[in-house]
Structures are given as C-alpha cells and as structure tokens.
Amino acid sequence: MKSGTDGTSNGSTRVIADELRRRIESGAIPSGSLLPAESALTAEFRASRGTVRQAIAVLRDERLVATEHGRGTYANPYRPEDGPAKGPEIGTRERQVAADPELAALFAVEVGAALVEQQHVTLANGAVGAVVRIYRLPGATH
C-alpha cells in the first residue's frame with residue numbers, strides 16, 4: 001500500500017471510507033445519526049486516528065457526513081448529484097425573541113433585548129434529522 005505524507009496508509013483510508021459509505025447508504029447508520037466515535041473507529045479498523053480522520057474527511061467532501069465541533073460526525077446520505085427531490089426537506093422560520101442570559105452575554109446586550117432567531121428544520125424520510133437555530137441582532141445581515 002502507498003503511504004501518505006503523514007505516514008498513514010491511503011489504502012486504509014479508502015477501506016474505512018468505503019465501509020462507512022456502505023453503512024450510511026444502506027441505512028445501517030441512519031440519516032442524522034452520529035457515526036461511531038473516532039476511538040471506536042480506530043479500534044474497529046485497527047487504524048490511527050489520522051487515518052480515521054482522513055476517511056471521514058473523504059466522506060465530508062462527498063457530503064455524506066457533517067461534523068459539528070464538540071458534538072461529532074453525523075450521517076447525511078443526501079448528495080447534490082442526487083438532485084433536490086431525493087434530498088432532505090428543509091423548513092425555515094424566522095421570529096423575534098427576547099435574549100436569555102446566555103444570549104445576552106454573547107451579544108453584549110441586556111437580558112430581554114430583541115434578537116432574531118432563524119430556525120432550520122431538516123426532515124429526512126418524514127422524520128426530523130436536525131434542528132439548527134441561528135440568532136442575530138435585528139437589522140444585522142445574514
């Protein structure tokens with residue numbers, strides 16, 4: 001097998017990416033579900049953490065997974081080449097809310113100050129796959 005510049009095996013990266021892709025596409029790892037932790041994948045595939053991260057990066061580039069810092073990597077079987085009809089449905093709403101203590105501290109405003117909340121709900125096969133809330137000050141651009 002060829003070695004990558006960091007000493008990891010390109011072949012191992014491909015094997016891990018292929019197996020995770022198969023699990024996502026078959027539904028063994030359902031849409032919106034967390035992939036196993038890096039430590040579990042390193043043990044399962046007897047690979048270094050760097051090799052596992054490279055495999056996940058391959059899937060991220062293919063838009064099969066999305067990684068949220070501090071939360072993990074989630075399966076998302078939608079790919080742009082599949083077209084919009086096969087992808088997840090996304091509903092968006094926007095409303096004005098009062099800043100709670102945490103948001104007030106983040107935005108450096110008083111508790112109760114007006115903020116705009118955007119909520120994006122992703123549905124896959126009729127089930128909620130993800131909910132993302134974004135807050136901003138009124139009048140601020142997206």
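Two strands pair if DSSP finds at least two bridges between them. The views below show a predicted model.

**View 1. Strands E1 and E2 pair as an antiparallel hairpin.** Strand E1 covers residues 65–68 and strand E2 covers residues 72–75. The two strands run antiparallel and are joined by 4 bridges. At one of these bridges, Val65 has Ala75 of E2 as its partner. At another, Glu68 is partnered by Gly72 of E2. Between E1 and E2 lie 3 residues. In this turn Gly70 has a positive phi of about 80°. In a regular strand, side chains alternate between the two faces of the sheet.

**View 2. Helix H1 packs against helix H3.** Two packed helices are described by the angle between their axes and the distance between the axes. Helix H1 spans residues 10–26 and helix H3 spans residues 49–61. The angle between H1 and H3 is about 50°, and their axes are 8 Å apart. This angle makes H1 oblique to H3. The crossing of H1 past H3 is right-handed. On the H1 side, the contact is formed by Ser12, Thr13, Ile16, Ala17, Leu20 and Arg21. These meet Thr51, Val52, Gln54, Ala55, Val58 and Leu59 of H3. Sorted by class, the contact of H1 with H3 holds 7 nonpolar, 4 polar and 1 charged residues.

**View 3. Helix H1 also packs against helix H2.** Helix H2 consists of residues 38–45. Here the packing angle is about 115° and the axes of H1 and H2 are 12 Å apart. H1 and H2 are therefore roughly perpendicular to each other. H1 passes H2 in a right-handed crossing. Ile16, Glu19, Leu20 and Arg23 of H1 touch Leu41, Glu44 and Phe45 of H2. The contact of H1 with H2 has 4 nonpolar and 3 charged residues, and no polar ones. Ile16 and Leu20 of H1 also take part in the contact with H3.

**View 4. Helix H2 packs against helix H3.** The axes of H2 and H3 lie 9 Å apart, at an angle of about 105°. That angle makes H2 roughly perpendicular to H3. H2 contributes Glu38, Ser39, Leu41 and Thr42 to the contact, and H3 contributes Arg49, Val52, Arg53 and Ile56. By class, the residues of the contact of H2 with H3 are 3 nonpolar, 2 polar and 3 charged. Leu41 of H2 also belongs to the contact with H1, and Val52 of H3 also belongs to the contact with H1.

**View 5. A salt bridge joins Arg21 and Glu62.** Side chains of opposite charge can pair when their charged atoms come close. The closest N and O atoms of Arg21 and Glu62 are 2.8 Å apart. Arg21 lies in helix H1 and Glu62 in the loop between H3 and E1, so this pair ties together parts that are 41 residues apart in sequence. Arg21 is also one of the H1 residues that meet H3. The count of salt bridges in the model is 10.

Terms used. Residues numbered from 1 in each chain as written. Predicted model: local features only at pLDDT ≥ 70, side-chain atom pairs only at ≥ 80, totals over all residues. Heavy atoms only, no water. Axes fitted to C-alpha atoms, helices over the stretch in contact; angles between N-to-C directions. Parallel < 35°, antiparallel > 145°, perpendicular 65-115°, else oblique. Left-handed = near helix turned anticlockwise from the far one by under 90°. Contact = heavy atoms within 4.5 Å. Nonpolar A, V, L, I, M, F, W, Y, C, P; charged D, E, K, R; others polar. Salt bridge = Lys/Arg side-chain N within 4 Å of Asp/Glu carboxyl O.
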